[in-house]
Amino acid sequence: MLKSLRAGLALLMVGLMMLSSTHSVSAASFSDVSSFKEEIEYLTDAGIINGFPDGTYRPSSPILRVQAVMMIMRDLGMPKETPKDPGFVDIKPADRGYAEVAAAVELGIISGKEGNRFDPQGKLTRAEMAKILVNAYELGSIYPKGFKDVPTHYWANPFISSLAANNVTVGYPDGTFKPGVTIDRAQFAAFMARILNPEFKPYSPSVADTYLEDAWDMLATDVIKHPTEPIVYIIDGNDNTLNSINTDTYESLTVELPYPAEKLAYANGKVYVTQVKKPHSFYTFDEDQQGAFGVFDAKTLDGLKLIHIELDPFDIEADDSGVVYISSGSGQWTRIESYNGETGAILSSQQIRNQSYIDMTPKQDKIYAIDTDSSPRDIAAFAIIDGKLQPEKDSPYHGDYDLSKHLEVSPDGRYLMNGLGGIFRASVNTSADMTYVGKLDRPFTAAAYDLTYGELYTANGKNLISVYDYETFESVYQMTSYGAIDYMFFDAKSDSLLILTKVKIGDSTKTYLGFEKIYFATE
């Protein structure tokens, strides 16, 4: 089996729609074709290009608007039912290309010009080309670098951006796109061939392996993903809100929170949010601590509970039985406690260092913790029995291995992954638990796992993704994103990597929360 980057869902759809129609002219017989010869041959073999009766293609001639539509419809295929009259005043049923234009209007590919005209003999500009191709092949995504002569408010900017994001166009060496320039027949054939066959796409180091699907004016202080649905939950530090975003439809929900929010957890259809009532302090001891956690319906974000606690909440986990586990952010040697998520009753309490990060095993039978304020840094485990935390089991190592603050349990529950690259065993066997396994070749701050195919993806706050074999932890290959990576999740349903980044658009100095995707295909 071969796992490879996919050129996008739109291109996959295009591949399924390719026609196998016959043609009367071969590309090799075009006497006047030299540039983009392979692309023109490809389209000719697909029955998309026919050329002229004199055996020429006339590559340097401007492509007319009607000719472009006819080429696209030859690929997409005409509908079985006769499309309705689009009502253009300058193209009639008896005119060449009328049926294709009518079908393209019905499909939403074109819309015409002012005065109810289509301008069939008009010369197609590069901006118009971008709109027609993006609409026809449902191309999406954003090219954040942009082009110097395509401002964000320009009508064709979204279409040109999508064309560049899909590596169909790279623009000119001076960083311009020249949207008003007429496109010739050879250039249009090249752009169309790149969409239909990714092998024709040029090499462009400015085009990442990701697709930047959207960019939001948000400051993400914590992000989690629904375990089975394409939904991410985000705390926006700008306005102290909890947000859910469907990463397929981009439908979103937002709810304001009463106290500053810090960390998220998901369990059994509910989202839990820690909220602090005063700043974390090394000197705020147990008797002075206070905070809260909110409980929300994961589908609707309706608030179900606001539980006030006598603890300064720092990190949080929750299990399917409704038990919530919270570590304290203040007080040096302090507490980690488990609570009834309905009543707020304290179920158990154990000692822990303040501001320790925690992560729960997939079986929900143990919580691992890593401290952040001591040296050498240490790992500990708390077994869970009926929602009650058992006394801490300390790591067998004390300074033997350098550790960062980042600690997570792998989704299969086999390993503890530390941000400096160290890998430790997560085991029910006490003697084997937290023992050293190995090390990745570089540190990371975000990780995602494809357990089906056996790949581990990591990033270290930059725009580089390192890919490892999950069994051997050997480096396999690398991928790039447009923005500095903060969070990554693997979505098994869509076989895609979901990435949240800090990204800038064009020449702006403002940083957005970018949502980027990498699509895979297993062959």
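**Figure 1. Contacts and overall extent of the predicted model.** Among contacts between residues at least 6 apart in sequence, 54% join residues at least 24 apart, where contact means heavy atoms within 4.5 Å. The model is a predicted one, in which local features need pLDDT of at least 70 and side-chain atom pairs count only at pLDDT 80 or more, whereas totals for chains, interfaces and linings use all residues. Residues are numbered from 1 along each chain as its sequence is written, and side-chain values use heavy atoms, with hydrogens and water left out. The protein contains 7 helices and 30 strands, which are DSSP runs numbered from the N terminus (helices H or I, at least four residues; strands E, at least two). Along its principal axes the C-alpha trace spans about 90 × 45 × 45 Å. Of the 523 residues, 53% count as buried; buried means under 20% relative accessible area, exposed over 50% and partly exposed in between, with a 1.4 Å probe and protein chains only.

**Figure 2. Close-up of helix 3 (residues 65-76) and helix 5 (residues 126-137).** Two packed helices are described by the angle between their axes and the distance between the axes. The axes of helix 3 and helix 5 come within 11 Å and cross at roughly 20°, the axes being lines fitted to C-alpha atoms over the stretch in contact, with angles running from 0 to 180 degrees between N-to-C directions. Helix 3 is therefore roughly parallel to helix 5, given that angles under 35 degrees count as roughly parallel, over 145 as roughly antiparallel, 65 to 115 as roughly perpendicular and the rest as oblique. The crossing of these two helices is right-handed, a term that applies if the near helix is turned clockwise from the far one by less than a right angle, and left-handed if anticlockwise. From helix 3, Arg65, Ile72, Asp75 and Leu76 meet Glu128, Ile132, Leu133, Ala136 and Tyr137 of helix 5. The residues of this contact divide into 6 nonpolar, no polar and 3 charged, with Ala, Val, Leu, Ile, Met, Phe, Trp, Tyr, Cys and Pro counted as nonpolar, Asp, Glu, Lys and Arg as charged, and the others, Gly among them, as polar.

**Figure 3. Close-up of helix 3 with helix 7 (185-196).** The axes of helix 3 and helix 7 come within 12 Å and cross at roughly 25°, which means that helix 3 is roughly parallel to helix 7. The crossing of helix 3 and helix 7 is right-handed. Gln67, Ala68, Met71, Ile72 and Asp75 in helix 3 meet Arg185, Phe188, Met192 and Leu196 in helix 7, and by class the contact has 6 nonpolar, 1 polar and 2 charged residues.

**Figure 4. The buried residues of helix 2 (residues 37-45).** In helix 2 the buried residues are Glu39, Ile40, Leu43 and Thr44. They lie on the same side of helix 2, because they cover an arc of only 135° around the axis, the arc being that of the directions from the helix axis to the C-beta atoms. These buried residues pack against helix 3 and helix 7. Just after helix 2, Gly47 takes a positive phi of about 80°.

**Figure 5. Helix 6 (residues 157-165) and what covers it.** Because 8 of its 9 residues are buried, helix 6 is largely enclosed by the rest of the structure. The buried residues are Asn157, Phe159, Ile160, Ser161, Ser162, Leu163, Ala164 and Ala165, and what covers them includes helix 5 and strand 2 (211-216). Just after helix 6, Asn167 takes a positive phi of about 60°.

**Figure 6. Loop residues Tyr397 and Met434.** Tyr397 is placed in the loop between strand 19 (393-394) and strand 20 (407-409). Leaving aside its neighbours within four places in sequence, Tyr397 is in contact with Asp378, Phe424, Met434, Thr435 and Tyr436. Tyr397 and Asp378 are 19 residues apart in sequence and 7.8 Å apart in space, C-alpha to C-alpha. Met434 itself is in the loop between strand 22 (422-425) and strand 23 (436-439), and its phi is near 65°, a positive value in a residue other than glycine. At 1% relative accessibility, Met434 counts as buried.
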